[in-house]
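Have the viewer open and follow along.

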Amino acid sequence: MLQLPLVVTTQVDLVLVLVSLLAFWTRLSRLSSPNAVVFDEVYYGQFVSLYMKRVFFIDDSGPPLGHMIMALGAYLGEFDGNFVWNRIGAEYPSSVSVWSLRLLPAVCGALCVPLVYLLTLELKFCHLSALGASALLLLENSLIVQSRFMLLESLLIFFVLVALLSYLKFHNHPNSWFRYCWLLLSGASCAAAVGVKYMGVFSYLLLVGVASLHTWNLIGDRTLSVCVQCVCRAVCLLVVPVLLYVFWFYLHLTLLHRSGPHDQLMSSAFQASLEGGLSRITQGQPLDVSYGSQVTLRSSASQPIPCWLHSHKANYPIRYENGRGSSHQQQVTCYPFKDVNNWWIIKDAGRQELVVSSPPRPVRHGDVIQLVHGMTSRFLNSHDVAAPMSPHSQEVSGYIDFNVSMAAQNLWRVDISNREAESESWKTIMSEVRLVHVNTSAVLKLSGVSLPDWGFRQLEVVAEKLFKAHSSSLGWTVEEHRYGTSQEQKEREAELHSPTHIDVDRKMSFWAKFLELQWKMLTVKQEDSEHKYSSSPLEWITMETNIAYWLHSSTNAQIHLIGNPVSWGVAHLSLLAYQLLAAVYLLRRRRGLKDLPDGVWAQFVCLGCVCVGGWLVNFVPFLLMEKTLFLYHYLPALCYLHLLSPALLEHTHTHLLRYTHTHSPAHRSTHRHALGVCLSASQLQALKWRDSWDILYRRR
């Protein structure tokens, strides 16, 4: 029977509420100050503006979820994207809601504090240790600074902590079916972490490793359905993250449907799928390349700058500077600009016509063709003459008959590398073809080497034997295409400026765009340049570096990303202490001496897997990277050490110093000193604790 009155009781952790409120106060208080672009806001702000305008871009530093989250904040603040992100320190106009731009990173940064509190409890340590861990994150000035601006690290750390907390809640409550909701949340958070920055992969692999060990231990338990347990874990931690990772890109590509500044990094098919840009040029082009078609051929290897097969009325020099001779025939190059000299005509080798017949006869895989340069009528030719800059390859030229013993060799076989059938026709934009020289079996390719002044610094095109050439440099794509109707040269030259249109429906599937975008993000890298504030991973540990984020335009007010040397020193001493303690425990257990009960030992090992393992997977990879690194790359690893320090102190006090009931005076003094540091000296000179720190001074 229902009993009245209905009573609901709940427990509120007031300490958790307090640290949460303090976290939001430190991260969100005066969030609009300074009202100017701060450090990498100049970089991420450009992407936010492009989202607001639905313009496509590619960021080779990571996936799009972090950008979309910041764009959501901009959308909530009614930002229209009309701001020029051209320099650090530029003032935001009154029409830009700076608070909303920085809101979501700040909220995530604030939530990291209570998450660490709860995570410490799930590691089965006491509330005092949880308070200590949350206080370290709460007062860590480097984390406060990084959270208060439009930057990605607070988002990454937030999702990593949610993933770990959710998995531990799943693991620590084995008798509840609701636990699988925690497991699902853990997998989703892993996908979000990877979706913000590829650095999230490190923590994701750590979590999968811990889950694999737990699953292995379950196999020996005959009271459980092992198959069900394994399937649930595999679905939530493997399948769900992959699906969500793909979903982030689906949202990204759905939102960004307009042509933009990064189009040239993508294939012709990808560009044609966007509104504006290449799609305006290619709209209504004939789909099938036929005999008599007028085409431009873009090299698949021309990245990041595109280039097209090109020729002009200039010949190779009779002799090069090194004394080697040439054919002295017309130059064939690859030109990185749209130009009328990029047009070529597909000719049937057995016929004289240079126009498309009615009905058109499509060119198919395996057909032998000739390529005629539209503006000069020279045939694309190759022969056993060394290329100008690549002497181990054959020269490619526009054939000129000089009445010498050098016959024309201008037959090329069409090889469609991405064909689905042997008789497939050559498609505009969609087909990637290799042009194989019939006489020598060499393949037309872009060498990528710039020609000297006599070649107008254009890129060299050669023919190279197939077994020597890299497959990625052999492909060519028809980008612009029209059906030729003029047989006479002058009429044809005029025709090249007036394309015909035949409506066709040509769309690129999401999966094709997703895979191409993934490949570009992983392979097309911007050139790394030395930065004033770049640093090495070892400098992060010793705190020998800082980053000046912002300097006031008229005063010495400035913002720096810099850690507290005291808390960083304690964190790294805790790391060393754990490793030494673990080594002693393992040696003694090997000799049959168990200093810790099994439950305490399991807790100690779990602490090491999460905290020490988390530090290792987020620090060691940077030692192997050849890229420009900054201090903020260390912040995810640092969070693991701040989680470790209070827990290790509790373990030491409880199990090694169990007869000591009071803290030593030195210990209390250290904490007072750390607090004093946070509250002391406002003068710039006094704040410069290390000579290697770069504190800015404005001359009056």
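This is a predicted model: local features need pLDDT of at least 70, side-chain atom pairs count only at pLDDT 80 or more; totals for chains, interfaces and linings use all residues.

The chain carries 20 helices and 14 strands. It has 700 residues, and 52% of them count as buried. If you take contacts between residues at least 6 apart in sequence, 74% of those join residues at least 24 apart. As for the surface, the chain exposes about 33,800 Å², with 60% of that coming from carbon and sulfur atoms.

An unreviewed UniProt entry lists "transmembrane region" for residues 6–25, 96–118, 125–144, 150–170, 201–219, 231–251, 566–587 and 599–624. Two of these are handy to look at in the model. Residues 566–587 come out as 100% helix and 0% strand, with 32 Å between the end C-alpha atoms.

The structure has 7 cavities of 30 Å³ or more. The largest cavity holds about 110 Å³ of space. Its lining is made of 14 residues, and those nearest the centre are Val160, Leu161, Pro636, Cys639 and Tyr640. Which helices each supply at least two residues of that lining? They are H4 (98–122), H7 (153–172), H9 (200–218) and H18 (635–656). By class, the lining of the largest cavity splits into 11 nonpolar residues, 3 polar ones and no charged ones.

The second largest cavity holds about 90 Å³ of space. It is lined by 13 residues, with Cys112, Leu143, Ser147, Ser154 and Ile157 closest to its centre. Here the elements giving two or more residues are H4, helix H6 (141–147), H7 and H18. The class count for the second largest cavity is 7 nonpolar, 4 polar and 2 charged residues.

Let's stop at a single residue. Ser189 sits in helix H8, which covers residues 179–196. Is Ser189 buried or exposed? Ser189 counts as buried because its relative accessible area is 4%, below the 20% cut-off. Setting aside neighbours within four places in sequence, Ser189 is in contact with Phe159, Val162 and Ala163.

Finally, the backbone. Most peptide bonds are trans, and most residues other than glycine have a negative phi. Against that background, the peptide bond from Ser33 to Pro34 is cis, with omega near 0 degrees. Pro34 belongs to the loop between helix H1 (14–28) and helix H2 (41–52). Ser358 and Pro359 are also joined by a cis peptide bond, with omega about 0 degrees. Look for Pro359 in the loop between strand S4 (343–348) and strand S5 (368–373).

On the phi side, Glu78 has a positive value, near 60 degrees. Glu78 lies in the loop between helix H3 (65–76) and H4, and it is exposed, with a relative accessible area of 70%. Ser377 has a positive phi too, near 65 degrees. Ser377 is in the loop between S5 and strand S6 (380–386). With a relative accessible area of 29%, Ser377 is partly exposed.

Notes: Residues are numbered from 1 along each chain as its sequence is written. Side-chain values use heavy atoms; hydrogens and water are left out. Helices (H or I, at least four residues) and strands (E, at least two) are DSSP runs, numbered from the N terminus. Buried means under 20% relative accessible area, exposed over 50%, partly exposed in between (1.4 Å probe, protein chains only). Contact means heavy atoms within 4.5 Å. Accessible areas come from the Shrake-Rupley method with a 1.4 Å probe; for residues, only the protein chains shown count as cover. UniProt positions are given in the numbering used here, feature names are shortened, and annotations may be inferred rather than shown by experiment. On a 1 Å grid over the protein atoms alone, a cavity is a set of points where a 1.4 Å probe fits but cannot get out, and a pocket is an open set with protein on both sides within 12 Å along at least five of seven lines; lining residues have an atom within 4 Å of a point. Grid points are joined across faces, edges and corners, and a volume is the space filled by probe spheres set on the points. Ala, Val, Leu, Ile, Met, Phe, Trp, Tyr, Cys and Pro count as nonpolar, Asp, Glu, Lys and Arg as charged, and the others, Gly among them, as polar.
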